[in-house]
Amino acid sequence: MSNPVVIKNRRASFDYHLLEKYVAGMQLTGSEIKSIRKGKASLNDAYCIFRKGELWVKNMHIAEYEQGAYANHEPLRLRKLLLKKSELRKLEKKVKEKGITIIPVSVFISERGFAKMEIALAKGKKTYDKRESIKEKESKRALNRLLKRH
């Protein structure tokens, strides 16, 4: 049962330097997992916060499930991320440093059928860093075009 559903945060690597990546489980309702399996989720404005020693993802949009009548979920609700205690402590310590945050990079379905979220410790890029990223991408594209012609 391979499920190729991968929902990516395209702006993550453009807006942030990704320092360390982790894979976390997610606490979801039935209608949420069904929507994710259909690919109806977005990580565009999502970010992670700590509350009482637990990690939560905020502003992750999961569209309401079409067949979920009265038992449907709220699209932008807070969702708990499941990590080992040692990982949570390490992340919480790092987030207290200036300029470091945790952002969701992607959501995927594991081999066992569970929804997992790849999160990353990130440091915001300055505008000149972003311009540098754009220049790198454009030069790679130009190089690939030249190589394909010859």
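One definition before the pairs: a residue is called buried when its relative accessible area is under 20%, exposed when that area is over 50%, and partly exposed in between. Please keep in mind that this is a predicted model.

The count of salt bridges comes to six.

Start with Glu20 and Lys90, whose side chains meet in a salt bridge at 3.6 Å, N to O. These two residues are 70 residues apart and link distant parts of the chain: Glu20 sits in strand 2, residues 16–26, and Lys90 in helix 3, residues 85–95. Lys90 has a relative accessibility of 39%, so it counts as partly exposed. Glu20, at 25%, is partly exposed as well.

Next, Glu32 and Arg77. Their closest N and O atoms are 2.8 Å apart, and they form a salt bridge. Here too the pair links distant parts of the chain, 45 residues apart, with Glu32 in helix 2 (residues 30–37) and Arg77 in the loop between strand 6 (61–62) and strand 7 (79–82). Is Glu32 buried or exposed? Glu32 is buried, because its relative accessibility is 0%. Arg77 is partly exposed, with a relative accessible area of 25%.

Glu20 and Lys90 come up again in a network: salt bridges with shared partners join them and Lys94.

Last, Asp15 and Arg11. This salt bridge has its closest N and O atoms 3.1 Å apart. Asp15 is buried, because its relative accessible area is 17%, while Arg11 is partly exposed at 46%.

Notes. Residues numbered from 1 in each chain as written. Predicted model: local features only at pLDDT ≥ 70, side-chain atom pairs only at ≥ 80, totals over all residues. Heavy atoms only, no water. Salt bridge = Lys/Arg side-chain N within 4 Å of Asp/Glu carboxyl O. Buried < 20%, exposed > 50% of the residue type's maximum accessible area, 1.4 Å probe, protein only. Helix = DSSP H or I, 4+ residues; strand = E, 2+ residues; numbered from the N terminus.
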